[in-house]
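This briefing goes through the packing of one protein chain, topic by topic. Please keep the sequence and the structure at hand while reading.

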Amino acid sequence: PLELDAITAEAVRQAHDEWLEPGSFRVRTKRPDKRAPLRSGAVSRHVGAALVAATARPVNLKQPDRTLWIELRQDHAWVWTVHRPAIAGLPVGTAGRALLLLSGGLDSPVAGYLAQRRGCSLDAVYFHSPPFIGEASRDKVERLARRLAIRQGRLSLHVVRFTEVQQAIRARCAPRFTVLLYRRFMYRIACAIAGEQGIDALC
């Protein structure tokens, strides 16, 4: 609750539970919602004094061993003592869905990761061409897909057998155009999958 006594009691409880090693501390209070009736400086001073009394720890505002954070909202407050860095970016799914053309190289999983950071939820497509490409490559792509799935909970991997397309292109086209035509057909197949799945973009 957005009450000074409740905030102070929660701060003291968390300090007792989380701060197991001796050392100094500070209190950092923010008031992003200016409609909150409490003032950040007053809250920091009050809570800090209560923590000194409850824990006998010294205050160090510049280089503390521990920090207690408080955020004041319009009708409630957040209090925490553990601050962990996380992946930056937008929540996955807020920018729609994208189909990632995933290979075993470096560029495509990085592109997928960056798309997730911008809020895209991913499906993936992998073009498998046995015997030109071995099963180890497919296994690597599946591991990459599982890795990308961690951030969004679930990722569908579409495996397309591409051998026949490659053979047809190599039999009918000049060698200097083969790689270009491989890519063109990969994009056409990916666009068809995206259309069937209601996916907004390729990456």
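Predicted model: local features only at pLDDT ≥ 70, side-chain atom pairs only at ≥ 80, totals over all residues.

Leaving aside its neighbours within four places in sequence, Leu 51 is in contact with Ala 11, Val 12, Ala 15, Trp 19, Phe 25, Val 27, Ala 56 and Leu 68.

**Nonpolar core**

- Leu 51 belongs to the largest nonpolar core, a set of 18 residues, and is listed with Ile 7, Val 47, Leu 68, Ile 70 and Leu 72 among those that have the most contacts inside it.
- At least two residues of this core come from each of helix 1 (4–18), strand 1 (25–30), helix 2 (40–55), strand 2 (66–72) and strand 3 (77–80).
- Helix 1 is the element that gives the most to this core, with 4 residues.
- As a general background to such a grouping, nonpolar side chains in soluble globular proteins tend to be buried together.

**Cysteines**

- The structure holds 0 disulfides.
- Cys 191 is in no disulfide, and the nearest cysteine sulfur, which belongs to Cys 203, is 12 Å away, whereas a disulfide would need the two sulfur atoms to be within 2.5 Å.
- Cys 191 is partly exposed, its relative accessible area being 46%.
- Cys 203 is likewise in no disulfide, and for this residue the nearest cysteine sulfur is that of Cys 120, at 6.6 Å.
- Cys 203 is also partly exposed, with a relative accessible area of 32%.

**Helix 5 and helix 6**

- The axes of helix 5 (residues 163–172) and helix 6 (residues 178–197) come within 10 Å and cross at roughly 140°.
- That angle makes helix 5 oblique to helix 6, because an angle has to be over 145 degrees to count as roughly antiparallel.
- The crossing of helix 5 and helix 6 is right-handed.
- On the side of helix 5 the residues that meet the partner are Val 165, Gln 166, Ile 169 and Arg 170, while helix 6 brings Thr 178, Leu 181, Tyr 182 and Phe 185.

**Helix 3 and helix 4**

- Helix 3 (residues 107–117) packs with helix 4 (residues 135–152) at an angle of about 5°, and their axes are 11 Å apart.
- Helix 3 and helix 4 are therefore roughly parallel to each other, a description that applies to angles under 35 degrees.
- Helix 3 makes this contact through Pro 109, Gly 112, Tyr 113, Gln 116 and Arg 117, and helix 4 through Leu 144, Leu 148, Arg 151 and Gln 152.

Technical notes: Residues numbered from 1 in each chain as written. Heavy atoms only, no water. Core = buried A, V, L, I, M, F, W, Y, C linked by side-chain atoms within 4.5 Å. Buried < 20%, exposed > 50% of the residue type's maximum accessible area, 1.4 Å probe, protein only. Contact = heavy atoms within 4.5 Å. Axes fitted to C-alpha atoms, helices over the stretch in contact; angles between N-to-C directions. Parallel < 35°, antiparallel > 145°, perpendicular 65-115°, else oblique. Left-handed = near helix turned anticlockwise from the far one by under 90°.
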